[in-house]
Amino acid sequence: MESIMFLGLSAYAWITIVTVLSIFFVMARTRIPAEVAFLGALTVLLVTGVVDEEEGMAGFGSEPVVIHAAFFVIIAGLLQSGVLYWLTKNMLGTPRNYNDALRRLMFPIAVLSALLNAVNVVALFIDAVKIWARKLDIPASKLLLPLSYAATLGGMCTLLGSSSNLVVAGLYLSSTNHSLNVFAPLLPGAAVAIVGFTMIVLLQKYIPGRESPEQSFETTSDYTVELLVPTDNPAVGNSVDEAGLYDVKGGSLVEIVRFDKEIIMPVTRDEWVLGGDRLIYAGQINEILELKRTHGLAAADRHVWSIDDIDKKRKMRTAYVTFGSPLIGTSMTQSNFEQENDVVLVAVARQGRRVEGQPRQIRLQAGDTLLLECPPKGDEQLEHANRRNLTFFDSHFVPQLGPRTVTAAIILIVMFIVSYFHVIPLMAITMLAAGAMILFGCCRKNEVAKYIEWELLLILGSTVVFSTAITKTGIAETIATGVLDMCGTNPYITLVVMCLLASLVSEFVSDMGAGAIFFPIMFQQAQLLGCNPMPFVMSLMISVSISFASPIGSSTHMLIFGPGAFHFTDFARLGVIMHAVLLAVAITTVCLIYPLY
């Protein structure tokens, strides 16, 4: 097949192009999880012979994958030992007003994101920022968007701060046998971050103010109603299904509270109705109240779910439907989610407003806020079991601070000092730090696996293989030569054109994917022009991270999309301006720091 040529490219090259483009289509137009799409594409490349088994497996043992796996263990140690809890509690302080909140928020978040990865930091601080917003009486979105932007800007400054930085650095190592210092992108990243912070403060009027989804869930009486079954009711002795109390217009039966305080939840169709039962319904209250007239029920003398009662019984938790979740496009009646996790969906909010209708029949969308009635224990188990479906931010886990906290902090500091002086390779030091976290008891050995995001590792390994295929099949050389034919031999024009293309692609696909696809092309261009490859490598790192105009261009934007009740276009209001200005700043700074010849 390699001898078959079309438009100057072999059959293997066209298979690679179609496969990579198919990934973007599948991620944009279907609900297939990203890791499944990437793994399927990798399978196509292996089966068709574009890459051999050794090249296919090499991606999963590459530097970005190993470093990410080790870093998940390090983050587990920082979480369980209380280091991150201490930082959350003590780092930000108490703002006096909105401008003060922006100043207090952005710099610390950027620093932490450079050290601990932007996605981890945003997930950690969302609850704290929402508390700030309530105290300042402003919409949470006014602080959540700067939180995400600041984390993205900070993540550009180190290799560990951004997954795309690690991918590009790993590909550079494979191409040159030279590893990059963990702080290699610090100077251009810092210049972009400073300009970005200034723009956020000066253009804060473009940050949308959206009503928080939780405001739709302020009081339980707004979305639940309790009805009492009189002892002489004809339904007594029948199942809830036979009595017509299970499938009701406008709502769903959430739980039954027996006269002896026994709580039955979830309720099955064959559950018996007893005299004195309290039936708890969720949904359209005015329609559910018709049951009093049609089925001879009575209003309960006291609402079961008052705010003070929630923690004494089962408790309410909010969660957000993540992008790519298998729940998107389905309703709870079409899945086993509630039964598998021992929870009940009570209400749904979308873009800050509660969705009217029976909650369990609502087709879910990315970013929807779900109010769930959950068991009083097992927060961590519930969160880890549903990372692909939902994101919980109202965790009540409070670690004990003590000697382990100090130990974990020392391990982290030593890791960065050794990385800075490049004493040993970055992959080795992160693996040593992960081992130290386990050895010194900073994280529990039997729980480490729960913190590793295997899906992300699959995606990372696949992107490295795609980059190999793009180089091996001649796609990189062909595109690089074609762009040079159009742009001429001026390296500055070539650099600007490629960075513009890479940054635009990263707004609509993952920054990791954009980095892996564009690296072999830009590296090839640097070689054809006889230039120093470092300006091309550094500008690519920052360009694919400048994803401010779309919520799907950055993992941090996806995290805040639900909690901030954002509309898809909200990110473009400030993001388009920031994208254009920061891209220009990035290219200019890189060219000043790294000479092209």
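**Close-up 1. Salt bridge between Asp-247 and Arg-269 in the predicted model**. The side chains of Asp-247 and Arg-269 form a salt bridge with an N to O distance of 2.7 Å, the term denoting a side-chain nitrogen of Lys or Arg within 4 Å of a carboxyl oxygen of Asp or Glu. Because Asp-247 belongs to strand 4 (residues 247-248) and Arg-269 to the loop between strand 6 (263-264) and strand 7 (278-283), the pair ties together parts that are 22 residues apart in sequence; strands (E, at least two residues) and helices (H or I, at least four) are DSSP runs numbered from the N terminus. Arg-269 is partly exposed at 39% relative accessibility, where buried means under 20% relative accessible area, exposed over 50% and partly exposed in between (1.4 Å probe, protein chains only).

This is a predicted model in which local features need pLDDT of at least 70 and side-chain atom pairs count only at pLDDT 80 or more, whereas totals for chains, interfaces and linings use all residues. Residues are numbered from 1 along each chain as its sequence is written, and side-chain values use heavy atoms, with hydrogens and water left out.

**Close-up 2. Salt bridge between Glu-290 and Arg-293**. Here the N to O distance is 2.8 Å, and the two residues, 3 apart in helix 12 (residues 290-295), are separated by about one helical turn. Glu-290 is partly exposed at 39% relative accessibility, while Arg-293 is exposed at 63%.

**Close-up 3. Salt bridge between Arg-350 and Asp-368**. The closest N and O atoms of this pair are 2.8 Å apart. Arg-350 is partly exposed at 22% relative accessibility, whereas Asp-368 is buried, with a relative accessible area of 1%.
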